[in-house]
Amino acid sequence: MTSTDHDPTRLAPHPAARTVRTFHPRRGRMTGRQTDALGRLFPTYGLEIPDGPGAPVDPAGLFGREAPVVLEIGSGMGETTAAMAGADPDRDYLAVEVHTPGIANLLDLVDRRNLRNVRVARGDALALVRRLPAGSLDAVHVFFPDPWPKARHHKRRLIQPAHVALLRGRLAPGGTLHCATDWAEYAEAMRDTLDADPELVNAYDGFAPRPAHRPVTKFERRALLAGRPVADLVYRRR
Ligand SMILES: C[S@@+](CC[C@H](N)C(=O)[O-])C[C@H]1O[C@@H](n2cnc3c(N)ncnc32)[C@H](O)[C@@H]1O
């Protein structure tokens with residue numbers, strides 16, 4: 001036993017040590033269909049990601065096969081995951097989200113479309129990524145991450161140097177990191193951050209053309225109606 005074992009201040013986390021989250025805790029009501037899908041399908045297709053250190057996640061074990069894996073961070077209501085996974089059966093899609101109604105909605109889509117190549121993790125994407133093996137991902141998708149527009153909230157952004165280094169380490173060589181945002185200033189900050197990562201190469205000259213395989217979601221429709229153009233960024237790991 002050390003003298004610090006009796007130090008009561010050790011029990012209270014230092015304010016600066018508190019986790020900086022990239023998401024807002026949100027409540028949301030679920031439809032009957034979503035409640036049913038969550039109860040019925042989460043045990044088979046879901047994966048709980050508690051905070052803190054935990055057991056490694058083995059993608060091949062999760063999907064029951066060896067196939068390239070796409071990680072979608074912040075899958076929202078799951079429309080993009082379900083559409084892309086349905087059109088791309090040779091790759092496996094691991095979606096991660098904290099918002100339970102969105103997870104339930106994706107499980108419902110998985111069931112209705114009979115998708116076998118989707119799994120849904122509930123929890124903080126950064127905790128999940130830390131548990132994935134290095135080089136295990138073929139692609140990471142980050143579509144319409146919360147923009148955190150105020151300067152004092154920029155530390156909450158998903159795309160920032162330390163997170164990019166973490167994500168890039170989980171990509172296989174040649175794997176892609178694809179981001180999209182409707183927030184012009186965040187798009188430029190993303191480009192600067194991704195350009196500065198020595199292990200990533202821009203697959204295009206600046207922003208990428210909008211890929212037809214990325215479905216238009218509620219966020220994109222709302223942005224376009226409000227006159228905010230959407231920027232895509234596609235980078236490859238060297
Ligand atoms: C603005 S929404 C976009 C949803 C979806 N990608 C789309 O295009 O419709 C951002 C989503 O990211 C989720 N999110 C943010 N940070 C996250 C994290 N660290 N782990 C898991 N989900 C996260 C939020 O809960 C939210 O649903």
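Let me start with the ligand, which is surrounded by 22 residues, the closest being Phe23, Gly74, Gly76, Ala125 and Thr217, where a residue counts as near a molecule or strand if its C-beta atom, placed from the backbone, lies within 6 Å of it. Two or more residues of this shell come from each of strand S3 (92-97), helix H5 (125-131) and helix H8 (218-225); helices (H or I, at least four residues) and strands (E, at least two) are DSSP runs numbered from the N terminus.

Please keep in mind that this is a predicted model, in which local features need pLDDT of at least 70 and side-chain atom pairs count only at pLDDT 80 or more, while totals for chains, interfaces and linings use all residues. Residues are numbered from 1 along each chain as its sequence is written.

Turning to the sheet, we have eight strands in an open arrangement, ordered S1-S4-S3-S2-S5-S6-S8-S7 with mixed pairing, and two strands pair if DSSP finds at least two bridges between them. Strand S1 (46-49) and strand S7 (200-202) are the edges, and each has a single partner strand, so one side of each is left without a neighbour in the sheet.

Within the sheet, strand S6 (residues 171-181) pairs with strand S8 (residues 231-237) in the antiparallel sense, over six bridges, and leucine 177 has tyrosine 235 in S8 as its bridge partner. Helix H6 (residues 161-170) packs on the sheet, touching strand S5 (137-143), S6, S7 and S8, and its direction makes about 135 degrees with that of S6. Here contact means C-beta atoms, placed from the backbone, within 7 Å, and axes are lines fitted to C-alpha atoms, for helices over the stretch in contact, with angles from 0 to 180 degrees between N-to-C directions.

Note on methods. Contact = placed C-beta atoms within 7 Å.
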